[in-house]
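Trainee: I would like to learn how to read a structure. Could we take it feature by feature?

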Amino acid sequence: MHRYIDILRKNDLFTGICTENIGKILDYFNAKVCVFDEDEYVFRSNHELNKIVVFIEGSARITNADFLGNNTVLSEL
């Protein structure tokens with residue numbers, strides 16, 4: 001994860017935090033790199049959110065599935 005510190009420094013979440021402290025934050029929260037396949041879920045609406053996700057590259061969709069199983073794209077990140 002530490003190899004991404006230069007990229008993370010540009011993220012608004014880490015504005016004003018020095019490189020050394022970003023590394024400490026990553027260690028404290030046991031940060032890890034995850035790779036998701038296309039159409040794989042990062043989160044589902046019925047799951048408890050207990051982490052922060054920072055996308056380093058790629059894109060994601062926020063979708064809504066209705067009771068009939070129809071998916072509607074609400075936003076693209």
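Mentor: Start with E20, which is exposed at a relative accessible area of 53%. Exposed means over 50%, buried under 20%, and partly exposed in between, with a 1.4 Å probe and protein chains only. This is a predicted model, where local features need pLDDT of at least 70, side-chain atom pairs count only at pLDDT 80 or more, and totals for chains, interfaces and linings use all residues. Residues are numbered from 1 along each chain as its sequence is written, and side-chain values use heavy atoms, with hydrogens and water left out.

Trainee: With which residue does E20 form a salt bridge?

Mentor: Side chains of opposite charge can pair when their charged atoms come close. The rule here asks for a side-chain nitrogen of Lys or Arg within 4 Å of a carboxyl oxygen of Asp or Glu. E20 pairs with K24, and their closest N and O atoms are 3.2 Å apart. K24 is partly exposed, at 48% relative accessibility. Helices (H or I, at least four residues) and strands (E, at least two) are DSSP runs, numbered from the N terminus.

Trainee: How many salt bridges does the rule give?

Mentor: The count is two. In the other case, E76 and R61 meet at 3.3 Å, N to O. This pair links distant parts of the chain, with E76 in strand β2 (residues 71-76) and R61 in strand β1, 15 residues apart. Both E76 and R61 are exposed.

Trainee: In which sense do β1 and β2 pair?

Mentor: Two strands pair if DSSP finds at least two bridges between them. β1 and β2 run antiparallel over five bridges, and T63 stands opposite V73 in β2. The two strands form a hairpin with five residues between them, and G69 in the turn has a positive phi of about 90 degrees. Of the six residues of β2, zero are buried, so the strand lies largely in the open.

Trainee: Which residues make up the largest nonpolar core?

Mentor: In soluble globular proteins, nonpolar side chains tend to be buried together. A nonpolar core is a set of buried Ala, Val, Leu, Ile, Met, Phe, Trp, Tyr and Cys residues joined through side-chain atoms within 4.5 Å. The largest one here has six residues: Y4, I5, L8, F14, I22 and L26. The elements giving two or more residues to this core are α1 (5-8) and α2.
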